[in-house]
Amino acid sequence: MKMLEALAQGEALAPGDACRELALAVDPARIPAHIAIIMDGNGRWAKRRGLPRVAGHRAGVATVRKIVEDCANLGVKALTLYAFSAENWKRPRTEVDMLWRLLRFYLRHELEDLQRNNIRLQSSGRVEALPERVYEELRAVERETARNNGMRLNLAINYSARNELVDAVNAIIDEARIEGRLSELVVDEKMISRRLCTADLPEPDLLIRTSGEMRVSNFLLWQIAYAELYVTDTLWPDFNRVELLRAILDFQRRERRFGGLSEPPSESASGPEPEMEEIAVTSQ
Ligand code: FPP
């Protein structure tokens with residue numbers, strides 16, 4: 001929030017500056033509590049510049065650092081970033097190794113900023129399968145930031161929403177078996193939600209995907225049931241504060257009904273049920 005105030009007051013910004021205009025338009029009372037981002041387009045960013053793919057990932061890390069800080073300053077409660085999907089192991093070994101090296105670099109260099117911004121880091125995904133040194137570093141930063149009570153930064157690493165759901169259901173079955181109540185077990189939504197990696201976070205309100213693809217790519221399939229989707233053609237390394245504010249403003253213009261109605265139905269609309277033939281005629 002403090003960022004919006006500073007921008008709106010025009011700190012070091014000329015009138016007409018895109019950030020300032022957007023900051024004035026964004027409603028600080030309706031900042032999405034949880035933003036989830038599919039950070040796509042690093043490879044294309046590099047290719048367009050005739051650079052190796054790894055240069056795109058390196059530029060992507062710089063964007064991560066800025067967007068994390070911006071979200072914390074905007075008052076976002078949780079930010080989930082899709083850093084490595086369970087399917088990303090299919091990439092060439094050199095690229096995968098470089099992604100681990102970048103992640104370790106990020107964790108090592110970001111700890112100070114995370115502490116300064118009171119951000120707590122956590123992870124989602126089968127992180128035990130990560131190379132040992134990456135895993136140890138990740139757990140160390142999680143431990144060291146565990147007492148921070150500002151924004152939650154949730155890194156989805158070796159993450160697959162289908163895996164997450166399968167793990168949740170298996171955990172429910174195992175628990176019931178151990179407690180001897182398997183034959184009476186009836187699974188409900190709460191039991192599943194409680195066992196997801198995001199159990200202690202609000203559900204994502206806004207899902208952003210960069211670089212134009214209209215897919216959710218096995219990301220938070222359960223949790224995004226009612227999230228607003230925002231897709232931008234901007235490649236992840238070019239995503240910036242202006243883009244973030246645009247996405248939030250777009251989110252604030254949406255009408256969220258969660259399957260209900262925005263207004264109670266009028267008397268005529270709530271009258272007697274129409275006959276089947278009427279429905280067929282009116283729906284043509
Ligand atoms: C998609 O771009 C991006 C990834 C698979 C990895 C995202 C990782 C980072 C931004 C860096 C590490 C993350 C953290 C949190 C430090 P792509 O390679 O699929 O791009 P393309 O579709 O243009 O090829």
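Helices (H or I, at least four residues) and strands (E, at least two) are DSSP runs, numbered from the N terminus. This is a predicted model, in which local features need pLDDT of at least 70 and side-chain atom pairs count only at pLDDT 80 or more, while totals for chains, interfaces and linings use all residues. Residues are numbered from 1 along each chain as its sequence is written.

Next, show H4 with H5. Their axes come within 10 Å and cross at roughly 25°; axes are lines fitted to C-alpha atoms, for helices over the stretch in contact, and angles run from 0 to 180 degrees between N-to-C directions. That makes H4 roughly parallel to H5, a label for angles under 35 degrees. The contact (C-beta atoms, placed from the backbone, within 7 Å) includes Val-61 and Arg-65 of H4 and Leu-102 and Tyr-106 of H5. By class, this contact has 7 nonpolar, 1 polar and 7 charged residues.

Move to the other helix that packs on H5. The axes of H5 and helix H6 (residues 132-144) come within 10 Å and also cross at roughly 25°, which makes H5 roughly parallel to H6. Among the contacting residues are Trp-100 and Leu-107 of H5 and Val-134 and Leu-138 of H6. Here the classes are 7 nonpolar, no polar and 5 charged.

Now select the strands. An open sheet of 6 strands runs in the order S3-S4-S2-S1-S5-S6, with parallel pairing (two strands pair if DSSP finds at least two bridges between them). Strand S3 (120-124) and strand S6 (228-231) are the edges, each pairing on one side only. Zoom in on S2 and strand S4 (residues 152-159), which pair over 7 bridges; Thr-80 stands opposite Asn-154 in S4.

Finish at helix H9 (residues 241-253), which lies across strand S5 (206-209) and S6 and runs at about 145° to S6.

Definitions and conventions. Parallel < 35°, antiparallel > 145°, perpendicular 65-115°, else oblique. Contact = placed C-beta atoms within 7 Å. Nonpolar A, V, L, I, M, F, W, Y, C, P; charged D, E, K, R; others polar.
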